[in-house]
Each structure stands twice: as structure tokens, then as C-alpha cells.
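Reader: I would like to learn how to read the features of a protein model. Please take them one at a time, with the rule before the case.

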Amino acid sequence: AQVISIQSTFNSIFDLDPNSAAPVIVIMSLILSFEWMGGLRSVALTDTIQALVMIACFLMIPSIIKRHYGGWSGLDVETYPRPDFYQSFSKQQQWTFWQNSFINFSFFTLPHLLQRNYAARDLGSLKGAYIALAVGPWFTSFVGIFMGTMGVQILGAGASPANPFSAILDEVMKKDGFAYGVGVICLTASMAAIMSTADSLIIAISQLITMEFLKPCMPDVTPGQLTKYAKVTSLVAVVISVCIGLFWNEGILDLGKIQFPLSTQAVPAFMFGLYGTTKHDIHPWSAVAGAMVGTLHVLVFYFSYLRIGEKNPKPVNAGISGLLINLFVIIVSEAIRRFLYGSDYNDEDKIVMIDHNSFRSNITLANEKTTTRKKGVYLLFPKRPLWDVPDLTRFCPDCRNNTNSASITISALSPKRVWFMMEGVEELLTNPYWVCFFVLAVTYATPLMPAEQPPLVVQEPDDNNVFSTTSTAAQTFVYPPVV
């Protein structure tokens with residue numbers, strides 16, 4: 001998605017061929033070099049600057065459009081290129097809106113958002129960032145809606161630019177010097193924001209593969225070797241993303257339709273990890289099985305059904321259906337595992353001693369012949385191969401602060417341990433009244449009303465003096481819309 005955004009935005013700014021690949025290849029190469037040199041903190045710092053610049057520009061753009069194009073009050077219902085914008089949502093749109101409201105709950109699982117958590121200086125900084133994240137959409141959504149509705153009038157009937165945002169700004173910049181200056185700054189800041197988001201995604205991919213996969217498989221790897229592996233992983237990720245972006249012909253909006261459905265498949269793992277209990281916690285492999293099947297369903301269902309418009313697909317969100325399948329696979333696989341092997345869930349209150357000198361050594365469990373684990377690392381589900389044993393010292397303050405000590409204490413990273421780490425913070429999702437209010441609020445925010453009102457008809461009756469609601473001819477409203 002970031003590659004497509006960079007290509008469409010950059011090529012639009014400099015009036016290049018929309019399909020030109022050279023600029024995006026050069027830009028992605030620069031992003032890769034920035035990632036190798038600067039890391040996540042440089043991304044967080046530049047993001048802060050870009051956000052301030054874009055907020056300032058977003059506050060100016062509506063006034064510029066209002067001054068030169070008259071704003072919403074200057075639109076003519078009879079000549080507006082998209083009269084359906086004056087209608088209420090169709091039944092399909094209402095159902096899709098309601099589903100998308102729930103799908104957006106998975107926003108917190110996006111890799112670049114999770115990576116930014118690690119760049120926070122302290123808990124206060126993190127809270128401040130999330131407050132800004134919660135307040136920001138109230139400003140940007142209005143500007144986006146205003147620019148989009150006015151942009152239809154500005155660009156004219158039949159316009160279908162690859163990047164509507166930059167296309168609208170291009171027209172606005174032609175009005176006067178002030179509009180041109182604001183437009184240039186806004187386009188530049190948006191370009192920089194896209195680049196920094198791409199940078200953070202690359203960091204997230206390299207960190208995930210090197211720290212969660214390569215390091216457990218190679219316990220004796222040195223930090224220098226891990227850094228090299230991370231750079232190679234970043235390079236491979238950039239090459240793959242550039243190839244996908246260049247060969248994707250449907251635009252950024254189409255690709256965005258599967259972003260949240262895919263990220264939703266990570267929600268069950270988070271929910272079980274945060275709110276599971278000793279009795280109801282699931283094995284990590286059950287969570288992985290559900291996520292993999294749910295992800296496969298999203299891709300197959302979207303590209304083989306939802307994306308084919310001529311078949312008039314039903315308004316079923318791939319993320320919602322994938323989430324239901326995800327949960328079903330988790331429940332079934334966990335039931336089968338417990339039936340065949342019983343529950344190997346240990347007492348999560350137990351604390352063990354870890355010897356730093358033998359932390360990486362292996363031992364064989366008494367009741368298994370082949371499965372091994374790191375010595376002294378206490379796991380909720382210990383019957384697993386060595387490569388699947390996480391390094392829990394990252395969650396142990398004593399392990400970080402007393403590295404010279406002969407022995408230290410550590411407990412398993414369980415839901416109970418997570419709750420201990422969050423002591424003093426009220427978690428709203430554990431309050432059933434709040435959850436009910438959340439569902440009610442999402443439903444209330446959905447425009448549930450008679451569909452496609454006021455109705456549109458052709459301006460002239462047919463030979464039988466009957467108005468048609470399906471004709472592609474110029475249409476008008478049966479009665480004026482209320483604005």
C-alpha cells in the first residue's frame with residue numbers, strides 16, 4: 001500500500017507517467033538506507049514533525065477551497081457530478097458501514113503502530129501519543145470529507161484519478177500563490193509521512209523475523225550477525241513490496257479494502273493473551289492455526305468473490321467472516337489438542353530461578369523424549385520444541401538490571417502476568433457494560449434509514465410516460481434533498 005501511495009503521489013506531483021516505476025524504486029531504496037542508518041527513533045521523530053505540518057495544512061485547506069469554490073453552500077444539487085452523494089446509504093452500504101466500524105477495531109494490530117510503541121520514552125509519552133491519536137481523526141475526518149465532496153465538483157464529471165488527494169490539491173494550487181504554497185507543503189509532508197510509514201513497516205518486518213524467528217532458532221547468534229540478518233530481511237521485504245506495488249493495477253483504495261480484514265485476524269491472539277484465564281487460555285499453535293486459516297480466507301474470498309463487481313457480491317466483509325472462521329479453527333484445534341494430549345498448562349504463579357551461565361543450555365523434559373526447552377525458563381505450555389521457546393527475559397526487570405547476578409527470578413508471560421504489569425490501569429474492555437455501549441455506539445453511528453432517499457429518476461419519461469430508476473441517462477430527484 002505504501003509503495004502504491006508513493007508512486008501515485010510522487011508521479012502526480014511532478015506530472016510523470018502514473019505507471020512510471022523508476023521514481024518509486026529510487027525512493028524505496030532511500031527508505032531502505034534510512035532504515036539501516038536511523039532506525040525506529042528517527043522515524044518517530046520525523047513523524048512528529050510531519051504530523052504538525054500536515055495538521056497546520058489541513059486547517060488551511062478548507063478555508064482555501066471555501067474561498068475559491070464556495071464550499072458546500074455553493075454546490076448545485078441539479079448539476080453536481082455525483083447526485084447519489086445527496087442520497088441516504090443503500091442497504092448494502094449501510095451493512096458495509098456497520099461491518100467496517102467493527103473491522104477498524106483492529107487498528108491497534110497494525111505493525112507500524114505497534115513498532116512506534118517501542119520508541120516511546122516512557123509510559124507518559126505513550127499515553128500522550130494515544131490521546132493525540134484519538135483526537136486527531138475528529139479534525140482530519142472533516143477535512144477529508146470536505147475535500148472529497150468538493151473534489152468531485154472541482155475535478156468534474158468522469159474524473160477518476162489514481163490519487164484523488166493529490167489531484168484535488170493540484171487544482172487548488174492553480175488558484176493563487178498562497179494556495180500553491182500550502183499545497184506544496186501539504187503534498188511534501190504527506191509524501192514524507194508515507195515514506196516514514198513505509199520505513200516503520202520495514203523495521204517491523206525485520207524485527208519480527210530476526211527476533212521472533214531467527215534468534216530462537218540460532219541461540220548462539222551474535223548481535224552483529226543479527227543486525228546483518230535484519231538488513232537482509234529489510235532488503236527482501238522492500239523488493240517484494242515494490243514488485244507487488246508495481247504490478248497492482250487497481251489503485252490504493254482497492255488494496256486498502258483488505259488491509260483491515262487481514263489485520264483483524266491478529267485480534268483473537270491479542271484478546272486471548274490479554275484476557276484469557278488459566279482455564280480458558282489457548283495454546284499458541286491454536287492461535288497461529290486460526291490466524292493462518294483466517295488470513296487465507298480473507299485473500300481467497302476477496303480476490304475470488306468480493307473483488308469481481310459484475311457478480312454483484314453480497315455485502316459480506318472478508319474480515320468479519322475471516323474472524324468467525326478464525327475463532328472456529330481456534331476452538332476446534334484447541335479442543336482436539338486437549339482431547340488428545342490433555343492440558344499441559346502450568347501454574348502461572350510459579351516462579352523459578354534462572355542461571356545466566358546455563359540460560360542457553362538445553363534439557364530434556366521428564367515426560368518427553370525429543371522436546372527441549374531453555375533451562376530455567378518457565379512456560380505456560382512447556383511441551384514445545386526449542387525454536388518455539390520465547391526469550392522471557394525481556395519481560396523481567398531483574399534480568400535487565402542485574403545481568404551480573406548469579407541467579408534471578410522470572411515468571412511466565414501469562415495473562416495474569418500482563419494484568420500485574422498493568423496494575424493501576426483500568427481496562428475498559430473487561431467491563432461488560434462498556435462493551436455493550438461500544439456495540440450500541442457503533443450501531444447508532446451507522447445511518448440506519450430508508451435506503452437511497454430521495455430517489456433518483458430520469459429527467460424525461462419514456463415512451464410510456466413512465467419514469468425509470470435504472471436508466472443511465474441524466475437523473476434528477478423526485479423531491480429536493482434536505483441538506
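Reader: Which residues make a nonpolar surface patch of about 670 Å²?

Author: First, the basis. This is a predicted model, in which local features need pLDDT of at least 70, side-chain atom pairs count only at pLDDT 80 or more, and totals for chains, interfaces and linings use all residues. Residues are numbered from 1 along each chain as its sequence is written, and side-chain values use heavy atoms, with hydrogens and water left out.

Author: Patches are made of residues with over 30% relative accessible area and no salt bridge; like charges are joined within 9 Å, and nonpolar side chains (Val, Leu, Ile, Met, Phe, Trp, Tyr) within 5 Å. A salt bridge is a side-chain nitrogen of Lys or Arg within 4 Å of a carboxyl oxygen of Asp or Glu. Accessible areas come from the Shrake-Rupley method with a 1.4 Å probe, and for residues only the protein chains shown count as cover. Here the patch consists of Val-26, Leu-30, Phe-34, Trp-36, Met-37, Leu-235 and Val-239. Two elements give two or more residues to the patch: helix 2 (22-37) and helix 9 (223-247).

Reader: Which helix gives the most to the nonpolar patch?

Author: Helices (H or I, at least four residues) and strands (E, at least two) are DSSP runs, numbered from the N terminus. Helix 2 gives the most, with five residues. Phe-34 has its place in helix 2.

Reader: Is Phe-34 exposed, partly exposed or buried, and what is its relative accessible area?

Author: Buried means under 20% relative accessible area, exposed means over 50%, and partly exposed is in between, with a 1.4 Å probe and protein chains only. Phe-34 has a relative accessible area of 41%, so Phe-34 is partly exposed. Over the whole protein, buried residues make up 36% of the 483 residues. The protein exposes about 28000 Å², of which carbon and sulfur atoms supply 66%.

Reader: Which residues of the largest nonpolar core touch the most other members?

Author: In soluble globular proteins, nonpolar side chains tend to be buried together. A nonpolar core is a set of buried Ala, Val, Leu, Ile, Met, Phe, Trp, Tyr and Cys residues joined through side-chain atoms within 4.5 Å. The largest core has 27 residues, and Ile-61, Ile-65, Met-147 and Val-172 touch the most other members. Helix 3 (39-69), helix 6 (123-155), helix 7 (164-172) and helix 8 (177-217) each supply at least two residues of this core. A second, separate core has 14 residues, including Val-3, Met-191, Ala-198 and Ile-202.

Reader: What does Ile-61 touch, not counting residues up to four places away in sequence?

Author: Contact means heavy atoms within 4.5 Å. With those neighbours left out, Ile-61 touches Met-147, Leu-169, Val-182 and Cys-186. Among contacts in the protein between residues at least 6 apart in sequence, 68% join residues at least 24 apart.

Reader: How many aromatic pairs are there?

Author: Rings of Phe, Tyr and Trp (its six-membered ring) pair if their centres lie within 6.5 Å; planes under 30 degrees apart count as stacked, over 60 as edge-to-face and the rest as tilted. By this rule there are 18 aromatic pairs. One of them, Tyr-80 with Tyr-86, is edge-to-face, at 5.6 Å centre to centre and 90° between the planes. Tyr-80 counts as buried because its relative accessibility is 5%, and Tyr-86 is buried as well, at 17%. One aromatic cluster is formed by Trp-95, Trp-98, Phe-102, Phe-105, Phe-108, Phe-270, Trp-434 and Phe-438.

Reader: Where is the cis peptide bond?

Author: The cis bond joins Gln-453 and Pro-454, with omega about -5°. Pro-454 lies in the loop between helix 17 (432-445) and strand 5 (456-458). Glu-452, placed in that loop too, has a positive phi of about 55° although it is not a glycine.
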